[in-house]
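Look at the structure first, then read on.

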Amino acid sequence: MITKEITLCGKPVTLGYCFATEISFKDMAEQDITDFMVETIPLIQANQQPDIKSVIYLILSCILPYYEDSAKAPVTDRDIMRDATPEELGIALGTIITMRADFYHIPAGEPEDKGADEKNA
């Protein structure tokens, strides 16, 4: 599991990225995390906001695996929906994108889905 600590709702929260993250996201968002990333990264690069509901599901999917066997998570889904700032959500999303790249050993600047590029060539 790749872990990083961020501030969310004004509290320190540790995010964890592993296969459980991907399974949780698919269960909650009913979308594969790879598809979400393929849609989201161009939006971020164009200074557009991705679907906020999916972003919150992604953040929760990273919180749940880390706190599963230990203490109670410092924030809940309701806390995130009511008290998180747009800046905190943006930092969380950027952190998760980086964690995913670290998890899969994706070099910086490489497309995440090389297969799609190769098929279009």
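## How α3 passes α5

In this predicted model, α3 crosses α5 in a left-handed sense. The two axes come within 10 Å and cross at roughly 60°. α3 and α5 are therefore oblique to each other.

The α3 side of the contact consists of Ile 52, Val 55, Leu 58, Ile 59 and Cys 62. They meet Leu 89, Ala 92, Leu 93 and Ile 96 of α5. By class, the contact of α3 with α5 has 9 nonpolar residues, no polar and no charged.

## How α2 packs on α5

α2 and α5 pack at an angle of about 125°. Their axes are 12 Å apart. That makes α2 oblique to α5. The crossing of α2 past α5 is left-handed.

From α2 come Ile 33, Thr 34, Phe 36, Met 37, Thr 40, Ile 41 and Ile 44. α5 supplies Leu 93, Ile 96, Ile 97 and Arg 100. This contact of α2 with α5 divides into 8 nonpolar, 2 polar and 1 charged residues.

## The nonpolar core

The largest nonpolar core has 30 residues. Those with the most contacts inside it are Leu 8, Leu 15, Leu 58, Ile 59, Ile 63, Ile 80 and Ile 96. Two or more residues each come from β1 (2-8), β2 (11-17), α1 (19-29), α2 (33-45), α3 (52-67) and α5 (86-103). α3 gives the most, with 8 residues.

What does Leu 8 touch, leaving aside its neighbours within four places in sequence? Leu 8 is in contact with Val 13, Ile 59, Ile 63, Val 75, Ile 80, Ala 84, Glu 88 and Leu 89.

Note on methods
Residues numbered from 1 in each chain as written. Predicted model: local features only at pLDDT ≥ 70, side-chain atom pairs only at ≥ 80, totals over all residues. Heavy atoms only, no water. Core = buried A, V, L, I, M, F, W, Y, C linked by side-chain atoms within 4.5 Å. Buried < 20%, exposed > 50% of the residue type's maximum accessible area, 1.4 Å probe, protein only. Helix = DSSP H or I, 4+ residues; strand = E, 2+ residues; numbered from the N terminus. Contact = heavy atoms within 4.5 Å. Axes fitted to C-alpha atoms, helices over the stretch in contact; angles between N-to-C directions. Parallel < 35°, antiparallel > 145°, perpendicular 65-115°, else oblique. Left-handed = near helix turned anticlockwise from the far one by under 90°. Nonpolar A, V, L, I, M, F, W, Y, C, P; charged D, E, K, R; others polar.
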